[in-house]
Amino acid sequence: MSRDSLAARLLATFLGEMEEQLRVMSAELLALEGGATNPGRVQSLFRVFHTLKGAAHAAGVPLVEETCHALETLLARVRDGKAPLTEEEIALLFSAVDALTDAAARITDGGTLAGSPLAALNRRLRGPAAPAAPRRPAPPKQSAPAEHRPTAPAPAADRHGEHVRVPAEKLDALLASAGQLLVASGRATARPEELTELHDFVTRWASEWRRQGRHLRVALERAGVQDPALGLVTRVEEELSHVLQETGRIATGARNDARALARVSEEVAERVRRLRMRPFADACEALPRVVRDVAAAAGKSARLEVSGGEVEADRAVIDGLREAILHLVRNAVDHGIEPPGARERAGKPQVGRVVVSAALRGDRIVITVADDGAGLDVAAVREQLARRGLPVPTHPRELVRALFEVGFSTRTEVTAISGRGVGLDIAREAVARIRGVVEANWEEGRGTTFVLDCPLTLATVRVLLARVG
């Protein structure tokens with residue numbers, strides 16, 4: 001293996017490790033911010049930074065290594081009971097998640113980390129009192145520094161724990177081959193029928209030959225004629241009997257082989273489809289952080305509940321749902337959940353609820369995004385429609401369609417979170433791309449519910465072929 005190839009594999013392994021460790025970090029930080037006092041969570045965060053530090057050193061990404069070392073030092077004091085973890089430090093750790101996520105994207109795209117949020121965080125952490133990262137033997141010079149390294153391709157099959165990392169395009173190619181195998185199996189299934197028809201034709205032809213041969217033999221015997229043709233008739237009858245036996249045997253074997261091929265083809269196709277299936281929980285990984293950040297920016301309190309995370313769907317469906325659900329959850333917190341004071345006056349708990357759930361209905365996956373907020377502001381929707389010179393439906397349910405139009409928003413001012421009228425439109429388009437539909441229901445003062453109905457997979461479509469005439 002060349003040095004450049006080894007460097008690319010090390011970097012790809014590091015990026016995969018980084019992605020998983022950042023998920024752990026986000027989950028632990030959200031738990032700590034929510035009041036969890038389990039020391040194991042701090043220890044888990046410490047292990048995250050320690051693992052990333054070692055992986056960054058091996059991959060030759062010194063900025064990530066130094067930053068993780070500084071954060072590891074901060075958490076060591078908390079882990080050892082020398083200092084509590086303050087709100088400011090939790091906020092700092094959240095910013096570290098964002099900075100490391102940005103760094104991973106830059107490295108993947110072959111960009112530089114100079115001037116990145118991670119570089120700014122590193123300068124902030126490495127003040128006069130911050131300890132320097134320990135000097136360790138540098139890895140072999142396999143390529144240029146990470147800041148100038150081209151995009152690293154993912155390894156074809158990289159061991160990680162009990163799993164094997166396989167690029168998505170290889171699964172797509174395998175699924176395409178499995179589809180061709182199903183097509184070939186379908187064609188093979190038709191061959192026994194053709195052989196059976198041929199066997200029936202030969203049977204009818206042999207029967208007719210025997211009948212005509214008997215008439216000829218009787219006529220010649222009555223006339224007392226010994227014709228050599230009689231021997232030929234007998235030999236043809238014998239050959240036809242042999243052909244009938246062989247075509248019957250071949251047709252039976254072909255029928256059995258076709259059944260076995262169909263069974264194996266279905267099994268291979270199903271297993272390949274299962275390889276592409278991912279749990280719905282994958283589409284919800286970013287939601288706890290989104291709820292936290294949007295609620296904090298809007299001066300609200302909200303918590304997220306996810307159910308049905310074990311429900312599985314095709315990778316393409318999960319990816320499409322991720323984008324749609326992200327916008328719907330942001331919308332639920334920013335538009336639906338009321339401020340704590342308003343909720344208290346309405347007799348609700350100060351902390352709002354956003355519930356995301358998944359369930360299977362036949363060959364469809366149904367996603368529900370619900371909140372216990374104020375419901376749809378019908379008056380504001382009508383006002384915006386009138387202001388834009390659009391028809392104003394009289395039935396409240398017909399107003400829902402307007403919510404999914406490009407540029408429609410009930411906000412009177414643009415904020416960093418909303419006001420540009422693109423959130424619900426993006427959600428609708430994302431669902432449409434995976435051949436799904438989205439509907440909205442609400443109850444005034446009680447909340448809003450969005451229902452996304454999508455197929456489980458886009459890879460295969462089962463159809464019934466009919467032939468007439």
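## Salt bridges

Count the salt bridges here and you get 26, where a salt bridge is a side-chain nitrogen of Lys or Arg within 4 Å of a carboxyl oxygen of Asp or Glu. Keep in mind that this is a predicted model, in which local features need pLDDT of at least 70 and side-chain atom pairs count only at pLDDT 80 or more, while totals for chains, interfaces and linings use all residues. Residues are numbered from 1 along each chain as its sequence is written, and side-chain values use heavy atoms, with hydrogens and water left out.

Let's start with glutamate 19 and arginine 23, whose side chains meet in a salt bridge at 3.4 Å, N to O. The two sit four residues apart in helix H1 (residues 3-33), so about one helical turn separates them. Helices (H or I, at least four residues) and strands (E, at least two) are DSSP runs, numbered from the N terminus. Glutamate 19 is partly exposed at 46% relative accessibility, and arginine 23 is partly exposed too, at 33%. For these labels, buried means under 20% relative accessible area, exposed means over 50%, and partly exposed is in between (1.4 Å probe, protein chains only).

Aspartate 319 has a relative accessible area of 30%, so it counts as partly exposed, and arginine 322 is partly exposed with 28%.

## A buried pair and a network

Arginine 343 is buried, with 0% relative accessibility, and aspartate 372 is buried at 17%. Elsewhere, salt bridges that share partners join Glu33, Asp98, Arg289, Arg292 and Asp293 into one network.

## The five-stranded sheet

Now for the strands. Five of them make an open sheet in the order E4-E6-E7-E9-E8, with mixed pairing; two strands pair if DSSP finds at least two bridges between them. Strand E4 (302-307) and strand E8 (437-443) are at the edges with a single partner strand each, so one side of each has no neighbour in the sheet. On average, neighbouring strands are turned by 15° against each other, direction ignored. Axes are lines fitted to C-alpha atoms, for helices over the stretch in contact, and angles run from 0 to 180 degrees between N-to-C directions.

E4 and strand E6 (residues 352-361) run parallel and are joined by six bridges, with arginine 303 opposite arginine 353 in E6. E6 and E7 run antiparallel, with eight bridges, and valine 354 has aspartate 371 in E7 as its bridge partner. These two strands form a hairpin with two residues between them, and glycine 362 in the turn has a positive phi of about 65°. E7 also pairs antiparallel with E9 through eight bridges, and arginine 364 stands opposite proline 455 in E9. E7 is mostly covered, as six of its eight residues are buried.

Which residues touch the most other members of the largest nonpolar core? They are Ile365 and Leu452, in a core of 47 residues. A nonpolar core is a set of buried Ala, Val, Leu, Ile, Met, Phe, Trp, Tyr and Cys residues joined through side-chain atoms within 4.5 Å. H9 gives the most to this core, with nine residues. A second, separate core of 43 residues includes Met18, Phe49, Ala70 and Val78.

## Helix H4

Among the buried residues of H4 are Glu89, Leu93, Phe94 and Ile107. After H4 comes glycine 110, with a positive phi near 80°.
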